[in-house]
Number of protein chains: 2
Amino acid sequence: MSDVNDYLNGRRALFDRVLAESLPPRETPPQIIHEAMRYAVLGGGKRVRPIVAAAAAEACGADITPLLKHLAALELIHTYSLVHDDLPSLDNDDLRRGRKTTHVVYGEAMAILTGDALLTEAFSWLGEPLPGVDAARQLRAVREVAVAVDSKGMIGGQAADIEAERSELSADPEALARLLTFIHQNKTGKLLTVSLLLGGLLGGATDVQLAQLSAYGKALGLAFQIVDDLLDIEETAETLGKTAGKDIEQGKLTYPALFGMEAAREHVTILLEEALRNAAMIGGPVNYLGAIARYICERRS
Amino acid sequence: MSDVNDYLNGRRALFDRVLAESLPPRETPPQIIHEAMRYAVLGGGKRVRPIVAAAAAEACGADITPLLKHLAALELIHTYSLVHDDLPSLDNDDLRRGRKTTHVVYGEAMAILTGDALLTEAFSWLGEPLPGVDAARQLRAVREVAVAVDSKGMIGGQAADIEAERSELSADPEALARLLTFIHQNKTGKLLTVSLLLGGLLGGATDVQLAQLSAYGKALGLAFQIVDDLLDIEETAETLGKTAGKDIEQGKLTYPALFGMEAAREHVTILLEEALRNAAMIGGPVNYLGAIARYICERRS
């Protein structure tokens, strides 16, 4: 485990640096929004999405150095989704990554614009021409990312989640399971899956490798969400850096709430095996995908 | 004037159809967000941005038929900005295009997500490969659009506008004029300018034509905003379909408020001349750019 810890810490520091250098400086006018963007993005975070994207590109044999800014764009999208989710009219969270949420510090209006700006900035980074990468492939990457986070993807999952919280839920366990699967697959699954696809596309993956990266991403995305839900129940606010037990309090539909802790843990094990199987098939000279999957499924925070 | 009226009505109907056919059907799950997206986009609107983009492509000699969905993406971006601007924590508008604003009908949370979804959908449309258009040029178009509406563009203008409303304004007329110019150029100017650039890029413009389209767009964008501000003062809520006189009531920084109605009207005339000059230089077999500029500067609503 110490190996993968070092690797992940190194990569986290690398992407922290790329983000700090690539975001507009705080003095850029209008200063207020650039301060807020940097506050939201540079306040910690595991950088899981760029890290798995880089691991995917590496497994396909690519030098990741020229791709870093493009892969870091995934973190802008992830952060924008958090900034908007935390707003008073959505999840109403005051705490995120152990710090005050963006709207608590900068006000609601600026937090909405900050999320908008981060999403837009992501497409600006993704659209920067990459020497050595075929433009048609890069255009496909832009489109794949947009589709993954649109109203049938990440935002659709978020909309379904909010709807579920506000309506009388069906008593039919199968209908509930279908709804939960929809929310998980979209709200967190699709951005994680497309992160692997982005790494593969920009890293020169073959079509077979792209399919394996997608299968790996799907399994890992769902496992990641179930582990998050398990941690939300098990952990205290102090360890987690966000308001814990909030899911249950809000009557949120989660995997452990629906199927029980035991079944949730078993499902994570099955998903981890699926991820490991695909990671092994991708091959590659440097392949951390298996180690990352293990780490994500066995993490305690 | 009747010629350009017919032309604009035809184009408006064309883009209304393209938008209705290209947006996800309302039954797409989750239904609520697709209903809200269609409500926000399909509730009228002049479709100015796709129309000028199409006119630009046409002036460069292109057949616009294969480009329509890509050009319509501009309207998604414009609509997203309106949906977010109208939110209670921003401009707090209940009425838009003569109808209830999205958050009044669907609630604040869903309106935020609807704006997010429209912005994302725009990049998904822009990323669809266009046969016959060079992929590198299309990638450049994606990036130009993103940069025009990022935190140094449209969103930056909106952030500066909100800051100006909330702070004690400088008493120095030059400082005020600089701030006003920044807001105008960014909040409305850049999306309009990039609309012309998008039409030119996808329509096969030469570099000289791209520069002329940009100059035309800059002049037209500012004129458009000043005319809007003039109309806000002159018109009643009934004619305009939005809450009139609101700018003055909210102490908004506008061109007529700062320089007077007379000077504002004169400035529109100068900008129109600049737009007409560039429109004429672009040439082209079918060139409605001049007629559109005239129409926009002389409109009464």
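Is Arg97(B) buried, partly exposed or exposed? Arg97(B) is partly exposed, because its relative accessible area is 25%; buried stands for under 20%, exposed for over 50%, and partly exposed for what lies in between, with a 1.4 Å probe and protein chains only. We will come back to this residue after a walk through the structure.

A word on the ground rules comes before the walk. This is a predicted model, in which local features need pLDDT of at least 70 and side-chain atom pairs count only at pLDDT 80 or more, while totals for chains, interfaces and linings use all residues. Residues are numbered from 1 along each chain as its sequence is written, chains are lettered from A and ligands numbered from 1 in the order in which they are written, and side-chain values use heavy atoms, with hydrogens and water left out.

Let us start where the two chains meet. Chain A brings 51 residues to the contact and chain B brings 51 residues, where contact means heavy atoms within 4.5 Å. The size of an interface is often given as the accessible area lost when the parts come together. Here the area buried between chain A and chain B is about 3,900 Å², and carbon and sulfur atoms give 74% of it; buried area is the accessible area (1.4 Å probe) that two parts lose on being put together, summed over both. Thr120(A), Leu139(A) and Arg143(A) supply 15% of the area that chain A buries against chain B, more than any other three residues.

Which parts of chain A face chain B? Helices H2 (31-41), H4 (68-85), H6 (108-126), H7 (135-148) and H8 (154-166) of chain A each supply at least two residues of the side that touches chain B. Helices (H or I, at least four residues) and strands (E, at least two) are DSSP runs, numbered from the N terminus. H6(A) gives the largest share of that side, 14 residues. The residues of the side of chain A that touches chain B divide into 31 nonpolar, 11 polar and 9 charged; Ala, Val, Leu, Ile, Met, Phe, Trp, Tyr, Cys and Pro count as nonpolar, Asp, Glu, Lys and Arg as charged, and the others, Gly among them, as polar.

The interface also has 2 salt bridges by the rule, a salt bridge being a side-chain nitrogen of Lys or Arg within 4 Å of a carboxyl oxygen of Asp or Glu. Glu128(A) and Arg143(B) meet in a salt bridge through their side chains, at 3.6 Å from N to O.

On the chain B side of the story, Pro129(B) sits in the loop between H6 and helix H7 (135-148) of chain B. Pro129(B) counts as exposed because its relative accessibility is 61%. Leaving aside neighbours within four places in sequence, Pro129(B) is in contact with Leu139(A), Arg143(A) and Gln138(B).

Thr114(B) belongs to helix H6 (residues 108-126) of chain B. With 0% relative accessibility, Thr114(B) counts as buried. A polar atom of its side chain lies 2.6 Å from the backbone oxygen of Met110(B).

Next comes helix H3 of chain B. In H3(B), 12 of the 12 residues are buried, so this helix is largely enclosed by the rest of the structure. One of its residues, Glu58(B), forms a salt bridge with Arg11(B) through their side chains, at 2.7 Å from N to O. This pair links distant parts of the chain, with Glu58(B) in helix H3 and Arg11(B) in helix H1 (residues 2-22) of chain B, 47 residues apart. Glu58(B) is buried, with a relative accessible area of 14%, and Arg11(B) is buried too, at 11%.

Finally, we return to Arg97(B). The side chains of Glu75(B) and Arg97(B) meet in a salt bridge at 3.2 Å, N to O. Glu75(B) lies in helix H4 of chain B and Arg97(B) in the loop between strand E1 (95-96) and strand E2 (99-100) of chain B, so the pair ties together parts that are 22 residues apart in sequence. Glu75(B) counts as buried, at 1% relative accessibility.

How values were computed
A polar contact is a pair of N or O atoms within 3.5 Å; within protein, one must be able to donate a hydrogen and the other to accept it, and residues adjacent in sequence count only if both atoms are side-chain atoms.
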